[in-house]
Amino acid sequence: MLLLSALAGIAVVFALGVLLSKDNFYSALYMAATLVFVATVYAFFNLQPVFVLILFVFVGAIGIVTVALAATYRSDPERQVSRLWAVPVAITAFFVSIAIATYCYSALNLQPVSSSAIEFELMNFIPLTEYMLIVVFLISLMVLLLLSVLKMSVGGRS
Amino acid sequence: MVAMDIISVSIIYVAAFAILLIGYLAAISSKDVIRLLISLEMMFGAIFMALIPLFSVAHLANTAFGIALVTIFASSGELLILICAITILDRQKKDIHTSAITIGGDEL
């Protein structure tokens, strides 16, 4: 319960960072961190296939492209906070991380998860015919999306 | 299927709603299309989070996995289209601010 609250709370805090940051690059980084913590909630409930999908497809592909795009179209905002604030922030982060680590290893007595503990229980989640239907649907979707991109670029050129 | 009590479900829904609201606020306050793209990804993240309680219902676990699979790929495709649109907008207008977009829709 506490761990779930912490994960959800950290995701919301990173989402607030997206809203409050004026630099698109940092906003994109905060957004990627938010999505990582959303995926971690899936891992918390032992839904590893969805965790991997979100992390690889959504964060790994789309999120990184967004971060790269934000870094390309980056404008330098005026600094509103003094650099000296980095010192108390680093000290606070150090003590908070020490406290969390101590709590995890002593109070909860967590054991490291071995690779054999991860079980993919959702492997055969639908019959083969429906699986093929979904694959055809996704391929059709991608073709339609690529066609719309082609139309946009041809329309823009003319 | 995952075991989930009502408090866990409440925490997940509250966090998902908060992220969705922050995404809406970021979209409303965005002055360029990059921030719009970021806010859209945040909204999709909130949707993914709201899907988690579906996995706790025994006869809906497989359906929830199917929904999550389709949602992840469909939203990724939509965002790829938006990224392409941003690059095309920059090529045409030499500007990525939302004020540069004056009209929507398309002609048949």
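Across the interface of chain B and chain A, the rule finds zero salt bridges, a salt bridge being a side-chain nitrogen of Lys or Arg within 4 Å of a carboxyl oxygen of Asp or Glu. What we have here is a predicted model, in which local features need pLDDT of at least 70 and side-chain atom pairs count only at pLDDT 80 or more, while totals for chains, interfaces and linings use all residues. Residues are numbered from 1 along each chain as its sequence is written, chains are lettered from A and ligands numbered from 1 in the order in which they are written, and side-chain values use heavy atoms, with hydrogens and water left out.

Polar contacts are a separate count. Between chain B and chain A there are eight residue pairs in polar contact, both residues being at pLDDT 80 or more. A polar contact is a pair of N or O atoms within 3.5 Å; within protein, one must be able to donate a hydrogen and the other to accept it, and residues adjacent in sequence count only if both atoms are side-chain atoms.

Which elements of chain B each supply at least two residues of the side that touches chain A? They are α1 (6-29), α2 (33-51) and α3 (61-93). The largest share of that side, 25 residues, comes from α3(B). Helices here are DSSP runs of H or I with at least four residues, strands are runs of E with at least two, and both are numbered from the N terminus. By class, the side of chain B that touches chain A has 39 nonpolar, 10 polar and eight charged residues. In this scheme Ala, Val, Leu, Ile, Met, Phe, Trp, Tyr, Cys and Pro count as nonpolar, Asp, Glu, Lys and Arg as charged, and the others, Gly among them, as polar.

Now the extent of the interface. The size of an interface is often given as the accessible area lost when the parts come together. For chain B and chain A the buried area is about 4,700 Å², and carbon and sulfur atoms give 81% of that. Buried area is the accessible area, with a 1.4 Å probe, that two parts lose on being put together, summed over both. Within chain B, the residues that lose the most area to chain A are Arg35(B), Ile38(B) and Phe65(B), together 13% of what that side buries. In terms of contact, meaning heavy atoms within 4.5 Å, chain B contributes 57 residues and chain A contributes 50 residues.

Let me turn to the chains themselves. Chain B has three helices and zero strands. Its radius of gyration is 18 Å, whereas a compact globule of 108 residues would have a value near 13 Å; the radius is taken over C-alpha atoms, and the globule rule is 2.2 Å times the number of residues to the power 0.38. Along its principal axes, the C-alpha trace of chain B spans about 50 × 30 × 20 Å. Of the 108 residues of chain B, 46% count as buried, where buried means under 20% relative accessible area, exposed over 50%, and partly exposed in between, with a 1.4 Å probe and protein chains only.

Chain A comes to five helices and zero strands. Buried residues make up 29% of its 158 residues. Among its contacts with a separation of 6 or more, 57% are between residues 24 or more positions apart.

Several individual residues deserve a look. Ser8(B) lies in helix α1 of chain B. Why does Ser8(B) count as buried? Because its relative accessibility is 7%. Leaving out residues up to four places away in sequence, Ser8(B) touches Met1(A), Leu4(A) and Phe45(A).

Ser30(B) sits in the loop between α1 and α2 of chain B. Its relative accessible area is 8%, so Ser30(B) is buried. With the same exclusion of residues up to four places away, Ser30(B) touches Arg35(B), Leu36(B) and Thr98(B).

In chain A, Leu7(A) belongs to helix α1 (residues 2-20) and counts as buried, at 10% relative accessibility. Beyond residues up to four places away, Leu7(A) touches Phe37(A), Thr40(A), Val41(A) and Phe44(A).

Finally, two backbone angles. Asn46(A), in the loop between α2 (24-44) and α3 (48-72) of chain A, has a phi near 65°, a positive value in a residue other than glycine. Asn46(A) is partly exposed, with a relative accessible area of 39%. Lys94(B), in the segment after α3 of chain B, has a phi near 55°, again positive in a residue other than glycine. Is Lys94(B) buried or exposed? At 66% relative accessibility, Lys94(B) counts as exposed.
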